[in-house]
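Visitor: I'd like to learn how to read a model like this one, feature by feature. Could you walk me through it?

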Amino acid sequence: MPNARATHLTRRGILAAGGALGLGAVLAACGDDDSGSEGSDAKASANTSGPWSFKDDRGTTVKLDKAPANIVAFTGVAAALYDYGISVKGVFGPTKTTDGKADVQAGDMDISKVTILGNAWDQFNVEKYAALAPDVLISTMFDDAGTLWYVPEASKDKIAKLAPSVGISVYDRQITEPLERMWALAESLGGDMKAAAVTEAKKKFEDAAARLRAAAKAKPDIKVMAGSASQDLFYVSGTNLSIDLEYFKALGVNFVEPPEKAKAVGGGWFESLSWENVDKYKADIIMMDDRTSTIQPADITEATWKKLPAVKAGQVIARSPEPILSYDKCTPLLENLAEALENAKKVS
């Protein structure tokens with residue numbers, strides 16, 4: 001993880017949900033010159049009429065003469081809105097992998113139907129953004145200062161002049177809160193929140209939460225560690241600040257918790273360990289950052305990793321530090337952890 005870039009992100013306090021961004025991989029990803037156009041089969045945009053307004057998590061109320069049709073959003077936000085029947089014109093953030101496939105954060109979106117303004121950190125094509133005639137820009141926020149995720153610091157003022165913005169906070173709260181906020185946003189944009197697929201997804205989420213609570217109660221001694229891998233370092237996330245981990249902990253999951261002093265260098269999100277010290281904490285289950293900017297478990301070659309009890313026992317599962325905020329996409333996160341707890345053996 002390049003030190004200069006890592007220091008910059010830590011100083012702003014917006015490293016995503018306790019995982020390291022693995023910026024070397026991000027910078028090697030596709031550039032910001034990919035684009036597509038909305039196809040006739042794209043999901044319906046807002047169908048509301050009359051004035052539109054929405055109060056975001058900065059306390060800012062955006063008011064328009066009508067519901068926005070030309071929406072530009074952070075990729076994960078666009079993926080969540082897609083699940084609620086709302087299409088966007090442009091996206092920014094991890095959207096396309098180096099082999100041209102959809103990034104994990106793109107969800108079910110057809111990425112050929114949207115204009116990609118930037119695919120990596122600090123990439124945002126302002127000219128393309130202006131050409132879309134945006135009505136609103138929507139992103140998440142990983143700090144309490146209202147910093148819009150993946151909107152570059154250098155061009156944020158130019159971007160702000162072109163359209164109002166909406167920020168949904170994913171900082172220091174449980175995942176249920178931003179899920180509710182994304183639901184409200186989608187509803188305001190014309191999403192059919194009474195559609196069977198939507199209501200069923202919410203019910204499945206609630207059932208999955210109950211299952212995870214029961215699994216955690218049945219296996220209180222199983223220790224879970226949230227990790228993220230880069231070439232030189234292994235990052236152990238604390239539960240504080242991360243919307244998924246805070247919620248899992250509230251449901252009773254027993255997590256490894258790095259001390260606050262150790263997390264200070266990670267802006268309070270995580271502790272950085274050398275691969276030689278990857279066994280510092282005892283864990284029975286390891287949840288690994290699934291973003292394409294990080295090294296995935298199958299590709300970790302470090303001998304110290306392979307010797308970890310959880311790894312040897314096959315008790316390693318994926319974690320999404322930047323969850324797509326729809327009930328449909330968050331339900332598997334609960335189910336996968338519940339299943340891992342149900343089947344886990346005490347190995348630490």
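Guide: Buried means under 20% relative accessible area, exposed over 50% and partly exposed in between (1.4 Å probe, protein chains only). Before going on: this is a predicted model, where local features need pLDDT of at least 70 and side-chain atom pairs count only at pLDDT 80 or more, while totals for chains, interfaces and linings use all residues. Residues are numbered from 1 along each chain as its sequence is written, and side-chain values use heavy atoms, with hydrogens and water left out.

Visitor: Which residue forms an aromatic pair with Tyr-129?

Guide: Rings of Phe, Tyr and Trp (its six-membered ring) pair if their centres lie within 6.5 Å; planes under 30 degrees apart are stacked, over 60 edge-to-face, and the rest tilted. Here Phe-124 pairs edge-to-face with Tyr-129, at 5.3 Å centre to centre and 80° between the planes. Phe-124 counts as buried because its relative accessibility is 7%.

Visitor: How many aromatic pairs are there in the whole structure?

Guide: The search finds 17. Among them is Trp-121 with Tyr-150, edge-to-face at 4.9 Å centre to centre, with 80° between the planes. That pair links distant parts of the chain, 29 residues apart: Trp-121 sits in the loop between strand E5 (115-118) and helix H4 (126-131), and Tyr-150 in the loop between strand E6 (136-141) and H5. Both Trp-121 and Tyr-150 are buried. Ring pairs also join residues into a cluster that includes Phe-74, Trp-121, Phe-124, Tyr-129, Tyr-150 and Trp-269.

Visitor: And the nonpolar core, which residues have the most contacts inside it?

Guide: A nonpolar core is a set of buried Ala, Val, Leu, Ile, Met, Phe, Trp, Tyr and Cys residues joined through side-chain atoms within 4.5 Å. The largest has 88 residues, and Leu-81, Ile-138, Leu-185, Phe-248 and Leu-341 have the most contacts inside it. A second, separate core of 17 residues includes Met-225 and Trp-275. Going back to Phe-248, its partners include Leu-212, Met-287 and Leu-337, leaving out residues up to four places away in sequence; contact means heavy atoms within 4.5 Å.

Visitor: Why is helix H8 largely enclosed?

Guide: Helices (H or I, at least four residues) and strands (E, at least two) are DSSP runs, numbered from the N terminus. Helix H8 (residues 243-250) is largely enclosed by the rest of the structure because 6 of its 8 residues are buried. Among those buried are Asp-244, Glu-246 and Phe-248. Just after H8, Gly-252 has a positive phi of about 110°.

Visitor: How much space lies in the largest pocket?

Guide: On a 1 Å grid over the protein atoms alone, a pocket is an open set of points with protein on both sides within 12 Å along at least five of seven lines, a cavity is a set where a 1.4 Å probe fits but cannot get out, and lining residues have an atom within 4 Å of a point. Grid points are joined across faces, edges and corners, and volume is the space filled by probe spheres set on them. The largest pocket holds about 230 Å³. Its lining has 13 residues, with Gly-146, Thr-147, Leu-148, Val-151 and Lys-156 closest to the centre. Helix H5 (residues 156-162) gives the largest share of that lining, 4 residues.

Visitor: What about cavities?

Guide: There are 3 of 30 Å³ or more, and the largest cavity has about 100 Å³ of space.
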